[in-house]
Amino acid sequence: MNVFRAGQHPGWPARLGPVLVAGGAVTLRPVRFRDAAAWSRIRLRDRDHLEPWEPTGRGSWEARNHASNWPSLWTSLKAEARRGAMIPLVIEVDGQFSGQLTIGNIVRGALRSGWIGYWVAKDLGGRGVATAALALGLDHCFGPVGLHRVEATVRPENLASQAVLRNVGFREEGMLRRYLDVDGAWRDHLLVGLTVEEVLGTVVDRLVKEGRAALP
Ligand code: ACO
């Protein structure tokens with residue numbers, strides 16, 4: 001059980017970055033009510049890019065990702081954040097809404113664990129944005145949030161996301177059979193994990209040393 005007062009949880013709210021990559025200056029900040037138009041515009045445009053990897057939802061893609069749906073989604077994300085169970089962030093590139101990174105199922109006590117998930121607009125693909133965002137998110141988890149372990153699950157077919165997870169040091173832990181209802185069916189997922197002891201320095205430092213990113 002989380003023991004922090006409502007609305008006061010380690011690491012929430014947070015503004016993280018910037019980290020400089022080929023795509024631009026990557027920062028993370030809390031979701032905002034006024035993100036509706038940018039969120040919907042990208043998600044309606046990039047349906048083919050996003051839908052194969054996302055949980056199956058009720059209703060059409062258009063209805064679920066219409067700007068009018070953002071206020072209820074934003075409300076539920078903020079409620080989870082206030083409860084200390086989630087850190088719902090927007091990925092910005094050069095100050096523009098470019099995707100989302102969410103730390104979810106935050107459990108404290110003896111587990112001190114959470115999962116991490118993300119998406120990035122298609123037109124920014126392959127320019128280091130997700131790698132930088134994930135590095136910022138992980139350093140936040142292992143720093144201010146105080147987690148010991150972060151995990152992620154990814155479809156075996158999602159090679160780009162697996163590359164991103166490898167870039168920041170995640171280790172494969174096994175295959176979860178028919179794990180999640182994604183894109184209309186129960187899909188196998190690879191489970192990857194990382195604990196704080198495995199991170200020497202910070203994840204962002206590691207990217208900088210490898211020449212994948214720079215600091216301003
Ligand atoms: N096969 C193998 N590797 C690939 C492929 C491919 N078809 N396409 C891209 N890659 C590699 C790139 O070479 C790069 O690896 P490298 O840095 O080692 O060269 C890596 O994938 C992409 O790295 P970034 O540029 O940091 O990532 P990007 O900003 O393009 O975002 C992401 C990647 C998040 C997967 C994006 O494509 C996306 O949003 N996809 C749709 C939603 C999604 O899949 N989200 C992740 C779900 S799983 C999860 O959340 C844990």
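A residue counts as partly exposed when its relative accessible area lies between the buried limit, under 20%, and the exposed limit, over 50%. The legends below describe a predicted model.

Figure 1. An oxygen atom of the ligand lies 2.7 Å from a polar backbone atom of Gly126, and a backbone N or O atom of Val120 is 2.8 Å from a ligand oxygen atom. The side chain of Asn167 also takes part, with an N or O atom 3.0 Å from an oxygen atom of the ligand. The protein buries 72% of the 1000 Å² that the ligand exposes when taken alone.

**Figure 2. The shell of 25 residues around the ligand.** Val120, Gly126, Gly128, Thr131 and Asn158 come nearest to the ligand. Helix 6 supplies the largest share of the shell, six residues. By class, the shell holds 13 nonpolar, 10 polar and two charged residues.

**Figure 3. The salt bridge between Glu173 and Arg171.** Side chains of opposite charge can pair when their charged atoms come close. In this pair, the closest N and O atoms are 2.9 Å apart. Arg171 has a relative accessible area of 31% and is therefore partly exposed; Glu173, at 32%, is also partly exposed. Both residues belong to a salt-bridge network that includes Arg149, Glu151 and Glu198.

**Figure 4. Salt bridges of Glu210 with Arg206 and with Arg212.** The closest N and O atoms of Glu210 and Arg206 are 3.3 Å apart, while the N to O distance between Glu210 and Arg212 is 3.4 Å. Glu210 is partly exposed, with a relative accessible area of 43%. Arg206 is partly exposed at 33% relative accessibility, and Arg212 is partly exposed at 43%.

Technical notes:
Residues numbered from 1 in each chain as written. Predicted model: local features only at pLDDT ≥ 70, side-chain atom pairs only at ≥ 80, totals over all residues. Heavy atoms only, no water. Near = heavy atom within 4 Å. Polar contact = N/O pair within 3.5 Å; in protein donor to acceptor, adjacent residues only side chain to side chain. Areas by Shrake-Rupley, 256 points an atom, 1.4 Å probe, with all protein chains shown as cover. Helix = DSSP H or I, 4+ residues; strand = E, 2+ residues; numbered from the N terminus. Nonpolar A, V, L, I, M, F, W, Y, C, P; charged D, E, K, R; others polar. Salt bridge = Lys/Arg side-chain N within 4 Å of Asp/Glu carboxyl O. Buried < 20%, exposed > 50% of the residue type's maximum accessible area, 1.4 Å probe, protein only.
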